[in-house]
Amino acid sequence: MFDLIVKGGTLPDGTQADIGIRGDRIAAVGQLQGAGAGRVIEAAGDLVSPPFVDPHFHLDATLSYGTPRVNASGTLLEGIALWGELKQVVTVDQMVARALDYCDWAVSMGLLAIRSHVDTCDDRLLGVQAMLEVREKVRPYLDLQLVAFPQDGFYRDPTARANTLRALDMGLDVVGGIPHFERTMADGAASVRALCELAANRGLPIDLHCDESDDPLSRHIETFAAEALRCGLQGRATGSHLTSMHSMDNYYVSKLLPLMAEAGVAAIANPLINITLQGRHDSFPKRRGLTRVREMQAQGITVGWGQDCVLDPWYSLGTADMLDVAFMGLHVAQMTHPAEMHRCFDMVTVENAKILGLADYGLHVGALASLVVLDAGNPVEALRLRPDRLAVVSKGKVVAERARNDARLALPGRPGSVRRRHLLP
Ligand SMILES: [Zn+2]
């Protein structure tokens, strides 16, 4: 007897299986005909995937677009300045309400784990208070990892260091930083060294906004990899953005990527944001500003796709759909081979789960019973359609559902409805 059976779905590897759930765990995967269950979700013909994971987000700023004004230049630097204005006037209650609204969106889209950077450059630490409150409220259904992120620079902002330490003392989970925003390259490198030592001393993961720049000489990722090695942070160090790598000299990159692989540093590309923020100083040809995704993967480096922003000072759109993120990444990185498209789906599920170090993630017996049923036949079709999430299960509980919604047609001699499914042979 199971509490819930998800029946007949197609798993991401193409196998068809029923999934039996007891309590908050997956208890059986296989053919479960005749088994009793408190509830059955019929998923025949539908993709059943582990939940989506977003490894890079800013939950303290989300859904604030247009307050107090919009980002006119569309650049990272105006976004940071605008956020600086907004954080002077925003309240804890506003940040909590917006973040909880966003988490509702996320759950409805099958996005059940998020790593969010939280700005620690505020002597009142209001964002930290707000996000700790949100982390507790959503804990039953959404895993939220919080990064202590000195947005205005660990050294550039006079109280950032002290406030970042306080934020970690309050219970944030990950050490963050932004070396390319320090005043000089030397300060940036010094911040990387100090932050790696901080992560090592506290036994925490580290995830730096790193080289989010079109400057090919922004090479903090090199220092980061070397310091991760020196401090023993292999497997828990992540470089986010790494857009300068797009513009770097190929010879230099051929030495850099093996160093990253040796250091066990993962990478997160944020394609929705960086395709719009980068290249703003270029005329033509205009650089894409996405890091070298396929090239890192060829070296064995773990790479994830992150969403980064939804309706905030840096990005004016966004839907909490990690398939939108993977879809943009697939295009910008030209990952169009079937194996690469499948990899793009993995990059918003299993690979991101690895970056977050999520325990018991997946669709195997003993894993946490968290999954999503999509109105698509396989991962590549899911990327093409970015379809409705028919059911979302978190830790054994059905937390979101929607009815299948095929378009009705009124065409002479044609079918009465259409779903846009088209499975390749
Ligand atoms: Zn970010």
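Reply: Start with the word contact: two residues are in contact if their C-beta atoms, placed from the backbone, lie within 7 Å. By that rule, and skipping neighbours within four places in sequence, isoleucine 206 touches Val174, Val175, Leu195, Cys196, Ala199, Leu233, Arg236 and Ala237. Keep in mind that this is a predicted model.

Me: Which residues of helix H6 get the buried label, and what do they pack against?

Reply: In H6 (residues 220-230) they are His220, Ile221, Phe224, Ala225, Glu227 and Ala228. They pack against helix H5 (185-202), S10, strand S11 (237-241), helix H8 (250-263) and strand S12 (265-269). An α-helix has 3.6 residues a turn, so residues three or four places apart point the same way. After H6 comes glycine 232, with a positive phi near 70°.

Me: How do you know that strands S7 and S8 pair?

Reply: Pairing takes at least two bridges found by DSSP. Seven bridges join S7 (residues 111-119) to S8 (residues 143-149), so the two strands pair, and they run parallel. One of the bridges links alanine 113 to aspartate 143 in S8.

Me: What makes the eight-strand sheet open, and which strands are its edges?

Reply: The order is S6-S7-S8-S9-S10-S11-S12-S13, with parallel pairing. The edges are S6 (52-57) and S13 (303-305), each of which pairs on one side only. From one strand to the next, the twist averages 25°.

Me: And how do you know that S14 pairs with S5 and S15?

Reply: S5 (residues 47-49) is joined to S14 by three bridges, and S14 to S15 by four, so both pairs pass the cut-off. Both run antiparallel. Valine 48 stands opposite valine 373 in S14, while valine 372 has valine 392 in S15 as its bridge partner.

Me: Which way do the S14 residues point?

Reply: Leu371 and Val373 point one way and Val372 and Leu374 the other, and all are buried. In a regular strand the side chains alternate between the two faces of the sheet.

Me: What makes a set of residues a nonpolar core, and how many are in the largest one?

Reply: Members must be buried nonpolar residues joined through C-beta atoms within 7 Å. The largest such core has 127 residues, and Ala326, Val348 and Leu383 have the most contacts inside it. Helix H11 (residues 322-332) gives the most, with seven residues. Leucine 383 touches several residues beyond four places in sequence, including Leu323, Ala326, Phe327 and Leu330.

Me: Where do the two domains lie in the chain, and how many residues from each make the contact?

Reply: Domain 1 is 2-50 + 362-410 and domain 2 is 52-356. Their centres, taken over C-alpha atoms, are 30 Å apart. On the domain 1 side, the elements giving two or more residues are helix H14 (379-385), S15 (389-394) and strand S16 (397-401). H14 gives the most to that side, with four residues.

Technical notes: Residues numbered from 1 in each chain as written. Predicted model: local features only at pLDDT ≥ 70, side-chain atom pairs only at ≥ 80, totals over all residues. Axes fitted to C-alpha atoms, helices over the stretch in contact; angles between N-to-C directions. Buried ≥ 20, exposed ≤ 12 C-beta atoms within 10 Å, placed from the backbone. Domains from an automatic or database assignment.
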